[in-house]
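I record what I looked up and what I found.

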Amino acid sequence: MRQAICIHLVGASVALVCAAWSGHASAYGTIEVVNSLPVEVRCSVSGAHLSEVGPLRVGNLYVPPEVIPAFARISIEVSPLWPASPVAEQPPHHTSAAFSNLRLTCETTRQAFGEPWGHRYSAEFHAEPSGAVVDDCASDVTDENPHCSGAHVFTYPLTVVVPTGMTEFTLQLLPHDPAATALELQQGAALDVHLSAYALGRYGVRLHALPLDLGRFALHRDASLSD
């Protein structure tokens, strides 16, 4: 398994800084994390899919924390281990029967290079659980259940389209208050993430002109790291 990452710096010129992990990666699907904030962030992405037998998870996507400068983005190649299948009701979008969850974790505010980060934000997106799973979550929230891990108001269902080897999937970091200043963001102002996606065909060609808008979601702020 391999994930390849490129950092795209927005400006008069574009710089690419790429790192890769051993294994295989799909060139036909990506997850982009876009930092639309005037401050740098450090983000990691993790995901899991369900095994074919039993309730066990197999994690096949993990990107270690990566610093993203202000107004820049990282592109992550998605492993083909998340098989895609067409959604008949909403062609040509794709979903994965094996998809379990995707988690975004971002940190902001460090005093200097190598210093600890002051604020942590996160959100988790998961496959829509069945009624039985919902009942289990209500009575027994455990880390072993992928639909219950971190169960709180910042855990969101994601069923129309999910990141697979046939999806261009974008998570855009935005201030919850559009008028928030860089100083307020450094002090831990609320953040949102906006999701959008393109279904991809052969050779990574987009199958529709405009992205599918999956919504804007609040990020959970870890109060234990705050003053």
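Predicted model: local features only at pLDDT ≥ 70, side-chain atom pairs only at ≥ 80, totals over all residues.

Which residue of strand 11 is the bridge partner of His 126? I looked up the pair and found Pro 157 as the partner of His 126 in strand 11. Strand 11 covers residues 155–157, and I find that it pairs with strand 10 in the parallel sense over 3 bridges.

I next examined strand 10 itself, which spans residues 117–126. I recorded 8 of its 10 residues as buried, so the strand is mostly covered, given that buried means under 20% relative accessible area.

I then turned to strand 9, residues 99–110, which runs antiparallel to strand 10 and is joined to it by 9 bridges. Within this pairing I located Asn 101 opposite His 126 of strand 10. The hairpin of strand 9 and strand 10 has 6 residues between the strands, and I noted a positive phi near 90° at Gly 114.

I also looked up strand 15, residues 220–221, which is antiparallel to strand 10 and joined to it by 2 bridges. Here I found Tyr 121 opposite Arg 221 of strand 15.

My last entry concerns strand 4. Strand 4 pairs with strand 9 in the antiparallel sense, and I recorded 9 bridges. In this pairing Cys 43 stands opposite Cys 106 of strand 9. Why do I describe strand 4, residues 41–50, as largely enclosed by the rest of the structure? I do so because 7 of the 10 residues of strand 4 are buried.

Definitions and conventions: Residues numbered from 1 in each chain as written. Heavy atoms only, no water. Buried < 20%, exposed > 50% of the residue type's maximum accessible area, 1.4 Å probe, protein only. Helix = DSSP H or I, 4+ residues; strand = E, 2+ residues; numbered from the N terminus. Pairing = 2+ DSSP bridges.
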